[in-house]
Amino acid sequence: MSRYFPLARGYFIASPFGPRDGGFHAGTDFGWLGGSGGLPIYACQSGTVLYAGAASGYGGPDPRGWVVIDSTDAEGGGCAEYGHLVREVSVGDHVQAGQRIAHINPDSGSNGGVPPHCHLSIMPRGYDPATKIDPLLWLGQAAYPAEQPTGGTVPNFPIIGGDSAQAITPELMDQMGAEFWCRYLCTFPASNMDFKRSTPGEIDRIVAGGKKVVHNWETDGRPDDGFATGVSAAQDADAECNDRHTPGAPVIFSFADPDSSEPDIPKVLQAIDGAVSVIGWDRVGLYGRFDVIKAMFDGNHCKYGWQTYGQSYGQWDPRAQLRQCSNALTDHGVGHDYDEAWADDYGQWPRPNAAPATPTANPVLGGLVSDLTPDEQHEVLFALRDIRMQLCGSATPGEYPGFGQLGVVNGDGTPGAPRTVVDALGSLLNVPNPYSKQLEPAGQALGFLEQRTTGHADYWGKQVMAALASNPAVSPDVKAAVLAQLASLSITLTPKAV
Ligand SMILES: [Zn+2]
């Protein structure tokens, strides 16, 4: 028996189970920052579709509405009810846990009048609306759906990088663990965005510091002239490459506004074709959301794809060499986005040569974890980012706060061990959880950390917290509390000289 969260990793809880507006919200609402319309919904548990289609409160007409899935005891039991969606399964269908079953209805007018989101209710024995329980407790240590790329081959771990509108130095990149950075060439002249441009000196310093740069070119996202837009942009970009002492470097063009709900994909591809006509197929890349990047690769319009998570609803095109995985981060005073490269050649300068690179320790973790494999280093970095976002929220003040604890769970609903390191830290730091009715006793959290002292997970857990403590985005109070608790656990943190 396995359970999955109904949305891919990255969701947030739009409204928890509990009292709401003088009534009671008998479910959990899942959403996605930046908009949830169209987001795929996955079956939390295997079972048979009991109801599907229009339903009071969840919208209609069919196929809009809800899906209810009934599970046998062997499948985990009970009924899961998903609302405010457009169904992709029918009554009587049998579905597997983690299988896509619907997408979030993007039209408020036909989903009960609420903003697009996925409502999940759980009835633990069978279909009986009077018995609904907190879905987050029921989900427990559920897995995330859609974690695997849909095809192709990718490295075991990505190369870490970033992009920013402000200048970057190789020293700052080292401190952030970044191997490459995406920086602007010219920006569209009608704007006042010229401050985003890189300078020849900046690019020289990045290269001299042993780092890589990826040139990106921004337009206003409206390639109205199609092919001609691309010709003009590529001519300018080629001159800018020469100006930056990077002659012949690839350039990734932003012809599609990632915030647009309906990018004009044919026009975008015409613009790419125009750019290719000037500087060649293997020097051109495209930046954009999943459907834009997919269309480009499907038509083989250019060599490089830089896909952003924005408006991509958890889907990644495995052919995209670059991924923009999150944004609005701040490290060492630099506002930036977090990027990953999933190929040896992702359009970087200096260009990759034939000789295989010698693996080196990730600079941000440096000597602290130099005996970790690159895979493990990536895991630590990934966990660190996750923990930071969960504890501190967005790096942009006021955008959204940190997540509360998700609570604790045993199969019978009694309190158990905290689910994640973040849960444990939340308990240790006395961070109240608006979604949970209880705060785990510190002893349980300590017990969880002590569980980490067996097996290799222990080492991972300790390094994560060491990295947390050294991260400038975390307040001194939080660091002090973490270190005090770690000290009480007799876990020795002895960072080596970097
Ligand atoms: Zn709801």
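A nonpolar core is a set of buried Ala, Val, Leu, Ile, Met, Phe, Trp, Tyr and Cys residues joined through C-beta atoms within 7 Å. A residue counts as buried if 20 or more other C-beta atoms lie within 10 Å of its own, as exposed if 12 or fewer do, and as partly exposed in between, with C-beta atoms placed from the backbone. The model shown is predicted: local features need pLDDT of at least 70, side-chain atom pairs count only at pLDDT 80 or more, and totals for chains, interfaces and linings use all residues. Residues are numbered from 1 along each chain as its sequence is written.

**View 1. The largest nonpolar core comprises 51 residues.** Those with the most contacts inside this core are Val251, Ile252, Phe253, Ile272, Ala275 and Leu286. Helix 5 (residues 265–279) gives the most to the core, with seven residues; helices (H or I, at least four residues) and strands (E, at least two) are DSSP runs numbered from the N terminus. Not counting residues up to four places away in sequence, Ala275 touches Gly230, Ala233, Ala234, Phe253 and Val284, where contact denotes C-beta atoms, placed from the backbone, that lie within 7 Å. Apart from this core lies another, of 38 residues, including Leu7, Tyr42, Leu120 and Ala142.

**View 2. Strand 11 (residues 118–123) has six of its six residues buried.** In a regular strand, side chains alternate between the two faces of the sheet. On one side of strand 11, Cys118, Leu120 and Ile122 are buried, and on the other His119, Ser121 and Met123 are buried as well.

**View 3. Strand 11 pairs in the antiparallel sense with strand 4 (residues 28–31) and with strand 8 (residues 79–87).** Two strands pair if DSSP finds at least two bridges between them. The pairing with strand 4 extends over three bridges, and Phe30 stands opposite Cys118. The pairing with strand 8 extends over five bridges, and Glu81 has Ser121 as its bridge partner.

**View 4. Asp344 is placed in the loop between strand 19 (334–341) and helix 7 (374–392).** Asp344 is exposed because 12 other C-beta atoms lie within 10 Å. Asp344 and Gln321 are 23 residues apart in sequence and 8.3 Å apart in space, C-alpha to C-alpha.

**View 5. Over residues 148–156, pLDDT stays under 50.** This score is the predictor's confidence in each residue, from 0 to 100. For residues 148–156 the model has eleven contacts beyond four places in sequence. Residues 485–498 also stay under 50, with 17 such contacts. Where pLDDT is low, the predicted coordinates should not be read in detail. The protein has a mean pLDDT of 74, and 64% of its residues reach 70 or more.

Definitions and conventions. Two residues are in contact if their C-beta atoms, placed from the backbone, lie within 7 Å.
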